[in-house]
Amino acid sequence: MTNNRRTELLKPGERLDDLQIGGLELIQNPAGFCFGVDAVFLSDFVKIKAGETVLDMGTGNGIIPILLTAKTQGRKFTGLEIRPETAEMARRSVQYNHLEDRVEIVTGDIKEAAEIFKPAFFDVITTNPPYMLAEHGIRNPDNAKAIARHEVMCTLDDILRESMRLLQDKGRFYMVHRPFRLTEIMIKMNYYKIEPKRIQFIHPYIDKEPVLVLIEGVRGAKSRVTVEPPIIIYGESKKQK
């Protein structure tokens, strides 16, 4: 892509970040909410077969669908994002990476996802949702960051209810979340007929508590869950060395 074309796709305050895979780059605005390692871990945890269709709920700047085009052989990736300006930025990243034939960004509300898309349509659903309940802590005054971090625009129930409606029978659901809500997550996944099947914890150091948990669920599956070996981000803590 020429420098002129590159400039046309960027708006004031935006930058292109190298995703370190497949030559992909992502448009981000540091003044808004930029993706973190949780999205990268989720894209590594997800299992997608050749030809499958995937929906990413609350896609933000499109990081997960774009990464998955390089890491899997999925046929079609759709990102659903409620904020029009964020969805528009994600579309420009799709265009910049010439992924229009594999990735579509749709502007819409997760709470209405089953009305936006056909029921039982997707093989796989992914999500990196807000971790904090609406009443938890102090909300960021920046609206984009508040939506990303707190359940302002949607709740865990909204995500699981709509996923149940949109997944095919035995379709797979993947989510990254915080361990302190794991009991709630497991109970609600079971309620919405998305059976937890695989769990993996992510620890900053080997002697520290996990900071993230990756979860795979299967719609309509029988009860049986596997806990995979943990991911240790930094290895041993400085105290041990």
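Does F45 count as buried or exposed, and at what relative accessibility? At 4% relative accessibility, F45 counts as buried, where buried means under 20% relative accessible area, exposed over 50%, and partly exposed in between, with a 1.4 Å probe and protein chains only. The structure is a predicted model, in which local features need pLDDT of at least 70 and side-chain atom pairs count only at pLDDT 80 or more, while totals for chains, interfaces and linings use all residues. Residues are numbered from 1 along each chain as its sequence is written, and side-chain values use heavy atoms, with hydrogens and water left out.

**Aromatic pairs and a charge over a ring**

Rings of Phe, Tyr and Trp (its six-membered ring) pair if their centres lie within 6.5 Å; planes under 30 degrees apart count as stacked, over 60 as edge-to-face and the rest as tilted.

| Pair | Centre distance | Plane angle | Class |
|---|---|---|---|
| F45 and Y174 | 6.0 Å | 85 degrees | edge-to-face |
| F117 and F122 | 5.4 Å | 80 degrees | edge-to-face |

F45 belongs to helix 2 and Y174 to strand 7, so that this pair links distant parts of the chain, 129 residues apart; helices (H or I, at least four residues) and strands (E, at least two) are DSSP runs, numbered from the N terminus. Y174 is buried at 0% relative accessibility. The ring of F45 also lies under the charged end of R198, 3.9 Å from the ring centre; a charge sits over a ring if NZ of Lys or CZ of Arg is within 6 Å of the ring centre and within 35 degrees of the ring normal.

F117 and F122 are part of one aromatic cluster with F121. F117 is buried, with a relative accessible area of 12%, and F122 is buried at 1%. P119 occupies the loop between helix 5 (113-116) and strand 6 (122-127) and counts as exposed, at 59% relative accessibility. Not counting residues up to four places away in sequence, P119 touches A114, R165 and L166, contact meaning heavy atoms within 4.5 Å.

**Nonpolar cores**

A nonpolar core is a set of buried Ala, Val, Leu, Ile, Met, Phe, Trp, Tyr and Cys residues joined through side-chain atoms within 4.5 Å. The largest has 29 residues, of which L19, L42, I48, I63, I66, L68 and L214 touch the most other members. Helix 3 (63-71) is among the elements that give two or more residues to this core, and helix 3 gives the most, with five. A second, separate core of 27 residues includes L55, L80, V106 and I199. Leaving aside neighbours within four places in sequence, L42 is in contact with I64, T127, N128, Y174, M175, V176 and L214.

Strand 1 (residues 15-18) and strand 2 pair in the antiparallel sense over four bridges; two strands pair if DSSP finds at least two bridges between them. L16 has I27 of strand 2 as its bridge partner. From strand 2 (residues 25-28), E25 and I27 point one way, L26 and Q28 the other, and all are buried. Six residues lie between the strands of this hairpin, in which Q20 takes a positive phi near 60 degrees.

Helix 4 (residues 84-96) has 13 residues, and its buried members include T86, M89 and Y96. H98, which follows helix 4, has a positive phi near 55 degrees.

Notes. The expected span of a helix is 1.5 Å times one less than its number of residues.
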